[in-house]
Amino acid sequence: MFKMVSSPHTHSGKLTMRIMLWVITAMLPAMCVQLYYFGYGVLIQSALAISFALILEWIVTLLRKKPALFYISDFSVVLTAFILAVAIPPYAPYWIILIGVFSAVILGKHVYGGLGQNLFNPAMIGYVVLLISFPLQMTTWLPPLTLLNEPPTFADAYHLIFTGFSTDGFSLHQLTQSVDAITQATPLDSAKVVLGNSSVENAEIKYRTLLSSPIFSENVAIGWWQVNLAFLCGGLFLIWKRIIHWQIPVAMLVSFTVFAGLTELIAPMQHYQTLPHLFSGAMMFGAFFIATDPVTASITPKGKLVFGGLVGFLVYIIRFYGSYPDGVAFAVLLGNICVPLIDHYTRPRVAGHQRKRA
């Protein structure tokens with residue numbers, strides 16, 4: 001008459017597929033902004049990444065003798081591929097995104113047993129593999145299209161990705177020669193190069209030299225602050241929909257802001273300022289869409305604050321004193337390592353339980 005099932009006996013209605021679709025939807029405004037400022041490459045990279053990820057997911061689930069359609073329909077692999085496609089340079093060679101997706105799906109997800117078993121964020125595994133293995137391709141971005149005399153068309157983007165040359169026979173490097181700007185992965189690269197060895201005496205001169213580049217406008221980089229603002233709006237939407245919790249992104253941003261602000265007070269103009277840091281690189285993307293991964297992030301209320309604060313602190317350390325100008329991917333992976341320890345010491349106390357007295 002009665003069916004014996006384990007607790008809990010209620011369901012929140014938040015199916016995996018629905019959660020993934022909401023996150024993908026929240027990323028679309030940022031992708032559109034990136035499309036406007038950096039061209040059609042992000043569309044081609046996204047289509048290539050998602051297609052290859054679905055093929056890999058299908059093959060692996062068949063090899064594991066699992067229902068392939070069931071695992072593909074949760075859209076988790078689509079979100080992983082989409083995150084990776086948005087994170088890499090839009091005109092990177094096609095084999096870059098293929099290697100990244102393979103590393104994310106196979107090394108970051110299925111070697112641990114699939115969704116829910118992975119210890120590290122799969123998309124960041126793929127990104128870090130690419131960044132360490134192919135630093136040149138991963139740090140070659142076009143400046144905003146508004147600075148180019150002839151912005152690449154869709155056909156140019158397709159040929160640049162698959163052949164390395166536009167329809168007119170120009171390489172990616174040649175397309176940037178008409179712009180008097182530093183074309184690195186993000187403006188953080190430019191700040192790292194220009195301000196990295198600045199002394200107190202010439203700090204102001206070097207800082208003003210940095211901001212004189214055409215890619216900067218009023219201390220913020222054209223295109224990058226708009227993309228980060230779109231990610232911020234998408235992240236707030238996810239918090240409003242209760243898809244993610246506020247603790248991790250707030251703790252991450254506050255932690256980074258506090259340490260970066262103190263450094264700015266102690267050593268003014270020797271580092272990129274705090275506010276541009278928040279709206280450059282992958283800060284908003286990482287805070288709302290990467291660090292909040294429900295599988296690899298902390299699950300306890302206090303643990304989320306600790307985890308977010310730790311990731312923000314690690315981003316600060318890497319950006320200000322490390323070799324890599326952004327550091328969000330490395331910070332998230334290092335934070336993932338600490339999640340079991342954080343959850344262990346931040347478990348909520350069971351109702352009726354009393355603390356042991358010394």
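User: What is the volume of the largest pocket, and what makes a space a pocket?

Analyst: The volume of the largest pocket is about 640 Å³, the space filled by probe spheres set on grid points joined across faces, edges and corners. On a 1 Å grid over the protein atoms alone, a pocket is an open set of points with protein on both sides within 12 Å along at least five of seven lines. The model is predicted: local features need pLDDT of at least 70 and side-chain atom pairs 80 or more, while totals for chains, interfaces and linings use all residues. Residues are numbered from 1 along each chain, and side-chain values use heavy atoms, without hydrogens and water.

User: How many residues line the largest pocket, and which lie nearest its centre?

Analyst: Lining residues have an atom within 4 Å of a point; there are 32, and Met20, Thr292, Asp293, Pro294 and Val295 lie nearest the centre. Helix H4 supplies the largest share of the lining, five residues; helices are DSSP runs (H or I, at least four residues) numbered from the N terminus.

User: Why is Phe259 called partly exposed?

Analyst: Partly exposed lies between buried (under 20% relative accessible area) and exposed (over 50%), with a 1.4 Å probe and protein chains only. Phe259 has 31%, so the term partly exposed applies.

User: How far apart are Ile317 and Ala260 in sequence and in space?

Analyst: Ile317 and Ala260 are 57 residues apart in sequence and 9.2 Å apart in space, C-alpha to C-alpha.

Key
1 Å grid on protein atoms, 1.4 Å probe; cavity = no way out; pocket = protein on both sides within 12 Å on 5 of 7 lines; lining within 4 Å. Helix = DSSP H or I, 4+ residues; strand = E, 2+ residues; numbered from the N terminus.
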